[in-house]
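The following note sets out points for a colleague who has the model open. They move from each chain as a whole to selected elements and contacts.

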Amino acid sequence: MNGNDKPMLQVRNLHASVAGNQILRGVNLTVNAGEVHAIMGPNGSGKSTLAHVLAGRPGYDVTQGEVLFRGQNLLAMAPEIRAREGVFLAFQYPVEIPGVSNIYFLKNAANAIRKHRGQQELDAMEFIQLTKEKARLVDLDEDLVRRPVNEGFSGGEKKRNEIFQMAILEPALAILDETDSGLDIDALRIVAAGVNALRSPERSMIVVTHYQRLLNYIVPDFLHVLVEGEIVREGGKELALELEERGYAWLEKEPPAPAVEPARVS
Amino acid sequence: MSAVVEERDLYRSDFESFERARAGDPAWVRTLRGDAIDRFAAIGFPSHRDEAWRSTNVAPIARVSFRRAAEEDSGASATALPRISGAPHPQLVFVNGRLATELSTVDGTSGLQLSGLRTALARDAAALEPHLGRVATDAAHPFTALNTAFLDDGAVVRIAPGAVIEAPIHVVFVSEPGGDPLVSHPRVLIVAGSGSQAVVVETYVGAPGLPAFTNAVTEIAAQAGAILDHYKVQREADTAFHVATIAVSQGRGSNITQHNLALGGALARTDINVLLAAEGAESVLNGLFVGSGTQLLDNHTLVDHASPHCTSRQLYKGILDGKSRGVFHGKVIVRPDAQKTDAVQTNRNLLLSREALVSSTPALEIRADDVKCRHGSTIGQLDPLALFYLRSRGIAEADARALLVYGFAADVTGRIRIPAIREGIEAFLGLRLPGAAGARELA
């Protein structure tokens, strides 16, 4: 594949709006192959919007800036082309598709991607083998592989199904949108172990999360704090601990009206 | 309005010549026809003031001077015959309402009598008398009356008591447009003997051309303990008019599953009337109507719980694109004696375009007090987030849409137990993903 000498992802001055509301106000971010970047921020800071803009969700309009994926203009690609080129979004709220089995959906997705990459498409037997192997990675019940996509799945099962899909589709850039939300500690460990098993020098990840807890299990190389649509702070994994301790308020440009106790200034 | 009255007279005067030509038929058949033409003359074509026809304007049918298809219109068919199985199976093919013997295969399957209606009337009319015209008794339905008035050819399927017929029995009606607009009135009679088991498929197909009008009536008499799967697959041309009634009478402990798959026709109306006449009978109505362009697809069901301890399950799904219109009108009647009735009626509709329309009227009329009845109806559109979810996994937009439509229809198509029919429907729904037919091998 060409473009391997270029950074995996270059986000430059990205502005985006949803339903007329400006959400992203000039995001800059560079992710190299093999790196894991965490994006943290308070509710409404634009974390999920950034994730969805990168995956190409209709209605999420880029108003300014550019995004290069391995040197190519990502924003010019339809969502399915981004997926075939190697972008994967693990949804915060995976969608239920009644009447379509997980395995049938995934086989078509995997083969669309393989075809695009010039690889041999998998037949039914090969694909069943592959799902067995990958389902073990996130301890996903085989029954769930055959059931309609996400229908009747628990919250944890849906999140595991997202990582299972990621394992099957083998993206170059995986974006995990609040994959930890709603997970108990056991489920979180399983999901994180699955994600860690997929880390490789060729694969980059962007982990979007509100809480530092996930980053104990998926340890990032870099951390960015997004507040009101801009990255206001960057650092290593130790920044997460600081955020855990101090919250986000100290990073906000206009802190909320003082509560009963005045803001502590160190 | 005057034009419609003239058309009524036209059918009437055609009846006189038809009746003269069929003067040799048994007296009871001629009485059946005579009563029916009188009924049709009295009712005429329905208008929007008739409750049962409120959503469907039949003026496009009433204003065409159709000519009744004659012998010379029933030559070889240019339409490719639909197949329901690669293995040999009993099959009757009708072209413009007339049996085409050279296209039909009536082997000596034990326990099955399969013949053309004309043949059956000539050979053993007495055997038909207790059933023919005794199941489709809706006196208010003008098209049923018209079919009975012109009752001539069609299929007779008789399954002997206790017989289990393994191969599906296929009855194909091909509508070949001629130099004039043609009408045919095919009649099907199915008598499922007590404790018998069989699968009967009626397929309606046709080539586009001048408007052709198929006005069909199927009567199904299921005796005690009979098990019957009945399919009606309607894939006529988009220039065709299609009106059909399927009347079912179920004996004690009988079990009928009726699949109504309405895909074709400019205007296609199907009435399904089920009488649960004796205790313990079970009826499953499984329906799918898929419209596009300017099609009008109308489905009326009536399930009459006339006896205690009967079960009925109705699932109808509509998928409408373009400027098409769909109608589901379903009624369940629970008679005063029909205690322990268990009835469920569900209609779900998917609109794929802004201009598509659907009218859904589920109705329950309950006159017993110890019953379990539910009904529900929904109308929705494709979920944009579901579409994005599929695309975000690499699936092209058109395939993603087809996959969602397929998923919407899956609980109806999943009940279709004849693979060729199920795959035909899936292909029709636009599912062109590789390995669509292989969805099941992954299951």
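1. In this note, helices are DSSP runs of H or I with at least four residues, strands are DSSP runs of E with at least two, and both are numbered from the N terminus. On that basis, the secondary structure of chain B amounts to 8 helices and 21 strands. The model is a predicted one, and every value below is computed from it.

2. Overall form of chain B. The radius of gyration of chain B is 21 Å, close to the 22 Å given by the globule rule for 443 residues, so chain B is as compact as a globular protein of that length. Along the principal axes, its C-alpha atoms fill a box of roughly 70 × 50 × 50 Å. Of the 443 residues in chain B, 52% count as buried. When contacts in chain B between residues at least 6 apart in sequence are considered, 82% join residues at least 24 apart.

3. Overall form of chain A. Chain A contains 8 helices and 12 strands. Its radius of gyration is 19 Å, close to the 18 Å that the globule rule gives for 266 residues, so chain A is as compact as a globular protein of that length. The box filled by the C-alpha atoms of chain A, taken along the principal axes, is roughly 65 × 40 × 35 Å. Buried residues account for 46% of the 266 residues in chain A. Among contacts in chain A between residues at least 6 apart in sequence, 70% join residues at least 24 apart.

4. Contact of the two chains. How many residues does the contact take from chain A and from chain B? Chain A provides 29 residues and chain B provides 27 residues. On the side of chain A that touches chain B, at least two residues each are supplied by helix H2 (79–85), strand E7 (97–101), H3, helix H4 (124–137) and H6 of chain A. H3(A) gives the most to this side, with 9 residues. By class, the side of chain A that touches chain B has 19 nonpolar, 5 polar and 5 charged residues.

5. Packing of H3 and H6 in chain A. Helix H3 (residues 102–116) and helix H6 (residues 155–169) of chain A pack at an angle of about 35°, their axes being 10 Å apart. The crossing in which H3(A) passes H6(A) is right-handed. H3(A) contributes A:Asn102, A:Leu106, A:Ala109, A:Ala110 and A:Ile113 to the contact, while H6(A) contributes A:Asn161, A:Gln165, A:Ile168 and A:Leu169. The residues of this contact comprise 6 nonpolar, 3 polar and no charged. As a general point on spacing, an α-helix has 3.6 residues a turn, so residues three or four places apart point the same way.

6. Domains of chain B. The domain assignment gives domain 1 (2–278) and domain 2 (383–443) in chain B. The centres of domain 1 and domain 2 of chain B, taken over C-alpha atoms, are separated by 32 Å. In chain B, 11 residues of domain 1 are in contact with 7 residues of domain 2. Strand E11 (227–235) and strand E13 (255–262) of chain B each supply at least two residues of the side of domain 1 that touches domain 2. E11(B) gives the most to that side, with 3 residues. By class, the side of domain 1 of chain B that touches domain 2 of chain B has 7 nonpolar, 2 polar and 2 charged residues.

7. Helix H8 of chain B. Which residues of helix H8 (residues 419–428) of chain B are buried? They are B:Ile421, B:Gly424, B:Ile425 and B:Glu426. These buried residues of H8(B) pack against E11, E13, strand E15 (282–291) and helix H7 (397–413) of chain B. After H8(B) comes B:Gly430, with a positive phi near 90°.

8. Helix H5 of chain B. In helix H5 (residues 142–149) of chain B, 8 of the 8 residues are buried, so this helix is largely enclosed by the rest of the structure. Among the buried residues of H5(B) are B:Phe143, B:Thr144, B:Leu146 and B:Asn147.

9. A loop position in chain B. B:Val106 lies in the loop between strand E3 (98–99) and strand E4 (112–116) of chain B. With 16 C-beta neighbours inside 10 Å, B:Val106 counts as partly exposed. Leaving aside neighbours within four places in sequence, B:Val106 is in contact with B:Pro90, B:Leu114 and B:Ser115.

Key
Residues are numbered from 1 along each chain as its sequence is written. Chains are lettered from A and ligands numbered from 1 in the order in which they are written. This is a predicted model: local features need pLDDT of at least 70, side-chain atom pairs count only at pLDDT 80 or more; totals for chains, interfaces and linings use all residues. Axes are lines fitted to C-alpha atoms, for helices over the stretch in contact, and angles run from 0 to 180 degrees between N-to-C directions. A crossing is left-handed if the near helix is turned anticlockwise from the far one by less than a right angle, and right-handed if clockwise. Two residues are in contact if their C-beta atoms, placed from the backbone, lie within 7 Å. Ala, Val, Leu, Ile, Met, Phe, Trp, Tyr, Cys and Pro count as nonpolar, Asp, Glu, Lys and Arg as charged, and the others, Gly among them, as polar. A residue is buried if 20 or more other C-beta atoms lie within 10 Å of its own, exposed if 12 or fewer, and partly exposed in between; C-beta atoms are placed from the backbone. Domain bounds come from an automatic or database domain assignment. The radius of gyration is taken over C-alpha atoms; the globule rule is 2.2 Å times the number of residues to the power 0.38.
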